[in-house]
Amino acid sequence: CIAIDTVTVKGFTLRNGTPPYGRGGVFRNAGDAGQSATGPITLLEDCIVSDGNASSGGGIGDEGKLTIRRCKVQNNTATIYGGGIDTFANTVIEDSEIVDNSTRYGGGIANNGKMVVRRTLIANNTATDDGGGFLAIYDNSWLTNVTITGNTATAGGGGLSCGNEFGNDCNTRISHSTIAGNTSADGGGIKRFAGTATLRATIIA
């Protein structure tokens, strides 16, 4: 496991991360109060994070400011939130793959903060409840040139869940993206429980 505060990490592979504190094989700690909003950015580049297991954020857990670029987050599991990635802060994901992860809520990604995702594949993730590929709650999620495909949620939002069954809302904007081939009992592509989901030039199939 890697617990990080202020650092740039490039060209690494992390497998079988099982943290003693329950958050992510890679864990970005917020540190002092308020640092999640004002502190420095941690950068992960050209990495593979796989086969991790945690209570939330099986691959990566973020409570600070984190940028993930050209990384593959694969085959991680979590008990509750974010099989691949679980974030409560400011996260940017670019040119990456979030695939084959599983948990209860947000099989690929669970976003509880502010997140920007660009040019990224979110595929073949599983949630036993809501948000097979992506779970967006509480704050803002912006997805551009993203492909969400082959994800499964048992309850709602096979591809993406906006808000959740507990009444937590979301503010999600999706543009120039494809959400296709996802499955769920309620909303195979997108399920909006609460909040606002805005789509522009996006395919849902």
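Hi everyone, let's start with one cysteine: C47 has a relative accessibility of 2%, so this residue counts as buried. Keep in mind that we are looking at a predicted model.

C47 has a partner, C71, and the two are joined by a disulfide with 2.1 Å from S to S. C47 sits in the loop between β5 (41-45) and β6 (48-50), while C71 lies in the loop between β9 and β10 (72-74), so the bond ties together distant parts of the chain, 24 residues apart. C71 is buried as well, at a relative accessible area of 3%. If you like geometry, the link between C47 and C71 is right-handed, with 120° about the S-S bond.

How many disulfides does the count come to? There are 2. In the other one, C162 is joined to C170, with 1.6 Å from S to S. Both C162 and C170 are buried. Counting the bonded cysteines along the chain, the pattern reads 1-2, 3-4.

Now let's step back to the whole chain. The secondary structure comes to 1 helix and 30 strands. Of the 205 residues, 54% are buried. Among contacts with a separation of 6 or more, 78% are between residues 24 or more positions apart.

What about the inside? In soluble globular proteins, nonpolar side chains tend to be buried together. Here, the largest nonpolar core holds 29 residues, and L44, I60 and F134 have the most contacts inside it. At least two residues of this core come from each of β9 (65-69), β17 (114-118), β20 (134-136) and β24 (160-162).

Methods. Residues numbered from 1 in each chain as written. Predicted model: local features only at pLDDT ≥ 70, side-chain atom pairs only at ≥ 80, totals over all residues. Heavy atoms only, no water. Helix = DSSP H or I, 4+ residues; strand = E, 2+ residues; numbered from the N terminus. Buried < 20%, exposed > 50% of the residue type's maximum accessible area, 1.4 Å probe, protein only. Contact = heavy atoms within 4.5 Å. Core = buried A, V, L, I, M, F, W, Y, C linked by side-chain atoms within 4.5 Å. Disulfide = S-S within 2.5 Å.
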